[in-house]
Amino acid sequence: MAQEQTFHFETLLIHGGLEPGPSGATTVPIVQSSSFAHETAEDLEDIFRGRKAGQIYTRLNNPTTESLERRLALLEGGVAAIATASGMAAISTAVLTILRSGDEILSSSSLFGGTYSLFRDTLANYGITSRFVDPTDLAAFEQAINENTRLIFVETIGNPKMDVPDIAALSGIARRAGIPLMVDATVTSPYLARGRDLGADIVIHSTSKFINGTGSVIGGAVIDNGTFDWGSPLFPHFEPFAKKYRQFAFSARLRKLMHKDFGACPAPMNSFLLTEGIETLGLRMERHCSNALELAGFLRNHPRVGWVNYPGLADSPFHAIAGRQFGNRYGGVLTFGVASQEESFRLINALKLARNLANIGDAKTLVIHPASTICVDYSPEQRTLLGVSDEMIRVSVGLEHHEDIIRDFSQALDSL
Amino acid sequence: MQLTVNGRPAGIEDKDSLSVTALLDELKVKDALYVTVELNGEIIDRPVFDNTVVKDGDSLEFLYFMGGGR
């Protein structure tokens, strides 16, 4: 589509990267094939050498997945996108594309538990050190950069801490240090903010969440905004890629090394389901945000609720920055506290509509007790660092009628 | 005009010169959004595709980062 760049976001959600095929099908065809035959040996050689575009093998690329990748790149305003088997595959593949043994990540301390585990434990086994700093303390963040720091990593809204860093300011810190900024935008989705507009060089999504929207798929994506100069002497391992592929240097290194070698590719069926789910992202995010605001207001006024953490509440310390960054929308996830872990368990068990499970971004309202689940392997000090307390419940507010969601929490709280 | 594209001869009828953008269109290069273009051994930056002229005798290489090899 020639005029794709001029379409509004909502139109790109539906039409972006969608190329009409000979059958006239209006959905993206599921190309369930492991590999792709070519007429001549010369053709396949050209594709392997990168002289010609074409399919080789679904671990490397696949027409269904490429359709999803084109749409994600258009939505984020990036130069390229790479879809992966999961959100964690996206993070690990992207991070390992940049870092080598001896390098360091300066990471937000407000992280999804899986990312914290990857950074703190797994990458440490390969000689990559992670330093965790409060992303809302800009001075501390800047001071934590040292001669080995090669990447800054933050989440747009910390999950589950619900803090909101000033991403443009963090981007400035990264620029001054000559290192890239990678932003996990899973909680906000491309609808609330494009990472590129906030100054992110690379954007990560767990597409399993709001992009899919129905809890039917595990997937991830890395979006390369083409904004970082990989020819920098701080990244000598990028030199051949920066020379040959210029603004695609990061995507090229990721695809030709980490994505190819680790093999965390999505199944074509999952890519198809994501192209279906993403069409309604805009409408869904509006409802997730308005329902979350309704529920946050109800919870805050309930006598059994000790505290509510949602950036949409006017007295949240992150209300102003979230409003500015995300167009006065505050996402579909909130946390709140009751009296104790025991009470939070009783509350979860009393909920009739909300489902008790480890996910966010579903059409259904979801709850979880993070301390005993996602963060169960961490010490109390580590949980405090991640913003997880024993009495905390995380809610991913769904698309049901807000009165039904509130009624469910109301009856559960009244039963305590 | 006669060009060498990816090491093989390629003829463009009725044209003496073309911009890189027009050439990608003329050759119906697939996924042109993602291609890196090397003209006579020099990588051409994407923002100047419109202003860079390809003429008779030039040699071009197209590079994709999506393929299998390096």
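Trainee: Before we start, what are the ground rules here?
Mentor: This is a predicted model, where local features need pLDDT of at least 70, side-chain atom pairs count only at pLDDT 80 or more, and totals for chains, interfaces and linings use all residues. Residues are numbered from 1 along each chain as its sequence is written, chains are lettered from A and ligands numbered from 1 in the order in which they are written, and side-chain values use heavy atoms, leaving out hydrogens and water.

Trainee: OK, the two chains. How many residues of chain A are in contact with chain B?
Mentor: 31 residues of chain A touch 21 residues of chain B, where contact means heavy atoms within 4.5 Å.

Trainee: And what area is buried between chain A and chain B?
Mentor: About 2400 Å², with carbon and sulfur atoms giving 51% of that. Buried area is the accessible area (1.4 Å probe) that two parts lose on being put together, summed over both.

Trainee: How many salt bridges are there across that interface?
Mentor: Four, by the rule: a side-chain nitrogen of Lys or Arg within 4 Å of a carboxyl oxygen of Asp or Glu. One pairs Arg246(A) with Asp45(B), and their closest N and O atoms are 2.8 Å apart.

Trainee: How many in the whole structure?
Mentor: The search over all chains gives 25. Among them is Arg324(A) with Asp166(A), at 3.9 Å from N to O. Arg324(A) sits in helix α14 (residues 319-325) and Asp166(A) in the loop between β4 (149-155) and α7 (167-177), so this pair ties together parts of chain A that are 158 residues apart in sequence.

Trainee: What decides where a helix like that begins and ends?
Mentor: Helices (H or I, at least four residues) and strands (E, at least two) are DSSP runs, numbered from the N terminus.

Trainee: New topic: at what angle do α4(A) and α5(A) pack?
Mentor: About 30°, with the axes of α4 (residues 87-98) and α5 (residues 113-122) 10 Å apart. Axes are lines fitted to C-alpha atoms, for helices over the stretch in contact, and angles run from 0 to 180 degrees between N-to-C directions. The two helices are therefore roughly parallel. Angles under 35 degrees count as roughly parallel, over 145 as roughly antiparallel, 65 to 115 as roughly perpendicular and the rest as oblique.

Trainee: Which residues meet there?
Mentor: Met88(A), Ile91(A), Ser92(A) and Val95(A) of α4(A) meet Gly114(A), Thr115(A), Leu118(A) and Phe119(A) of α5(A). That contact has five nonpolar, three polar and no charged residues. Ala, Val, Leu, Ile, Met, Phe, Trp, Tyr, Cys and Pro count as nonpolar, Asp, Glu, Lys and Arg as charged, and the others, Gly among them, as polar.

Trainee: How do the axes of α4(A) and α11(A) cross?
Mentor: They come within 9 Å and cross at roughly 120°, α11 being residues 249-262. That makes α4(A) oblique to α11(A). Residues in the contact include Thr93(A) and Leu96(A) of α4(A), and Phe250(A) and Met258(A) of α11(A). The contact divides into seven nonpolar, three polar and one charged.
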